[in-house]
Amino acid sequence: MPELPDVEVYCEALEQRVAGRELVRVRLRSPFLLRSVRPPLSEAEGRTVVSVRRVGKRVVFVLEGELFLAIHLMIAGRFRWAGPSAKVPGRVGLAAFDFGYATLLLTEAGSKRRAAMHLVAGEDGLATLDRGGLEVLLAGPEAFRERLKAENHTLKRALIDPRLFSGIGNAYSDEILHRACLSPMRWTTRLSDEQVDRLYRSTVDVLTEWTDRLRAQTGGRFPGRVTAFHKGMAVHGRYREPCPRCGAPVQRIVYAENECNYCARCQTGGRLLADRALSRLLKKDWPKTVEELEERLGGGAGEPAG
């Protein structure tokens, strides 16, 4: 799922291309994409795009007359920049937004249609789509501390909760926690002041660095390959690869459709976090520390998944 750095770069690229342009027509291929009925989608057509902004993980086209066209890409939604009146791709195409001189295509890979589009009127209407998460890059350390400790969750859960923090998802939460040397399963209310400060600095640094990095990679081009797995990430998507800080193999916990990637040596004091399903399956054979895991690998016993 595109997260804050990816969505910011999308917004910047779109702003450069469509601000001041008329949205001539919206061609909706998938009826499941549109999740609002008032005002009707036809109201967006013929209006000038004033700007493009991010609300959480949504890309929002600000149209004249205080209309807002908000698109949430969810897991597999992506934008493509194409020529005028470009055809909507058959299998993955959801919609096309015609700007006269060019077309913005919205696609979604896979069979599940989760991407969502809303057309709302006024700032109050747009506010109904905002989950209320703190914009960490616009907030200070005290606001971060207050929001983090407002509820008792694991750090992983807290960082990806859109009611608590805006725009952070599975990928960058892994990177933030690795940068901060904190366990993803540590409880928020049990953090020391020093650990909260470290987490705040890591959050700001990771989000800023990756936004700058992705911006530089596009080089003024429209973002063509938006993915949750980036070369240069420390732990996310790097299961079994060496941690860039200590060299220990990166571990992961798989749950539902997500996964949590971490370095046991850097983040959990060498202790392997239990994967529920595998822990039940392996019982006493589940290694408790990264040293036990490496010993088993060295002995040729094979590595348990997870």
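**Figure 1. Overview of the chain.** The protein chain has nine helices and eleven strands. Helices (H or I, at least four residues) and strands (E, at least two) are DSSP runs, numbered from the N terminus. This is a predicted model: local features need pLDDT of at least 70, side-chain atom pairs count only at pLDDT 80 or more, and totals for chains, interfaces and linings use all residues. Residues are numbered from 1 along each chain as its sequence is written, and side-chain values use heavy atoms, with hydrogens and water left out. Of the 306 residues in the protein chain, 52% are buried. Buried means under 20% relative accessible area, exposed over 50%, and partly exposed in between (1.4 Å probe, protein chains only). The protein chain exposes about 14400 Å², and carbon and sulfur atoms supply 50% of that area. Accessible areas come from the Shrake-Rupley method with a 1.4 Å probe; for residues, only the protein chains shown count as cover. Contacts are heavy atoms within 4.5 Å. Among those between residues at least 6 apart in sequence, 60% join residues at least 24 apart.

Figure 2. H5 spans residues 170-180 and is mostly covered. Ten of its eleven residues are buried, including Asn170, Tyr172, Asp174, Ile176, Leu177 and His178. The phi of cysteine 181 is near 55 degrees, a positive value in a residue other than glycine. Cysteine 181 is partly exposed, with a relative accessible area of 31%.

**Figure 3. The largest pocket.** This pocket has a volume of about 740 Å³. Its lining counts 32 residues. Which of them lie nearest the centre? They are Met1, Lys57, Ile75, Gly169 and Asn170. H5 and S11 each supply at least two residues of the lining. By class, the lining divides into twelve nonpolar, eleven polar and nine charged residues. Ala, Val, Leu, Ile, Met, Phe, Trp, Tyr, Cys and Pro count as nonpolar, Asp, Glu, Lys and Arg as charged, and the others, Gly among them, as polar. On a 1 Å grid over the protein atoms alone, a pocket is an open set of points where a 1.4 Å probe fits, with protein on both sides within 12 Å along at least five of seven lines; lining residues have an atom within 4 Å of a point. Grid points are joined across faces, edges and corners, and the volume is the space filled by probe spheres set on the points.

**Figure 4. Histidine 72 in strand S5.** Histidine 72 sits in S5 (residues 67-72). Is histidine 72 buried or exposed? It counts as buried because its relative accessibility is 12%. The side chain of histidine 72 reaches the backbone nitrogen of methionine 74 at 3.0 Å. Leaving out residues up to four places away in sequence, histidine 72 touches Met1, Lys57, Arg58, Ala115 and Ala116.

**Figure 5. Backbone geometry in two loops.** Most residues other than glycine have a negative phi, and most peptide bonds are trans. A cis peptide bond joins arginine 38 and proline 39, with omega about -5 degrees. Proline 39 lies in the loop between S2 (25-28) and S3 (47-55). Glutamate 66 is not a glycine, yet has a positive phi of about 55 degrees. Its place is the loop between S4 (58-63) and S5.

**Figure 6. Arginine 47 in strand S3.** Arginine 47 lies in S3. Its C-alpha atom is separated by 8.1 Å from that of glycine 65, 18 residues apart along the chain. Not counting residues up to four places away in sequence, arginine 47 touches Arg21, Glu22, Leu23, Leu63, Glu64, Gly65 and Leu67.

Figure 7. Alanine 76 is found in the loop between S5 and S6 (77-82). Alanine 76 is partly exposed, at 21% relative accessible area. Neighbours within four places aside, alanine 76 is in contact with Thr107, Glu108 and Ala109. Alanine 76 and valine 226 are 150 residues apart in sequence and 9.6 Å apart, C-alpha to C-alpha. Glycine 269 is in the loop between H7 and H8 (276-282). Glycine 269 counts as exposed because its relative accessibility is 75%. Glycine 269 and leucine 182 are 87 residues apart in sequence and 9.5 Å apart in space, C-alpha to C-alpha.

Notes:
A polar contact is a pair of N or O atoms within 3.5 Å; within protein, one must be able to donate a hydrogen and the other to accept it, and residues adjacent in sequence count only if both atoms are side-chain atoms.
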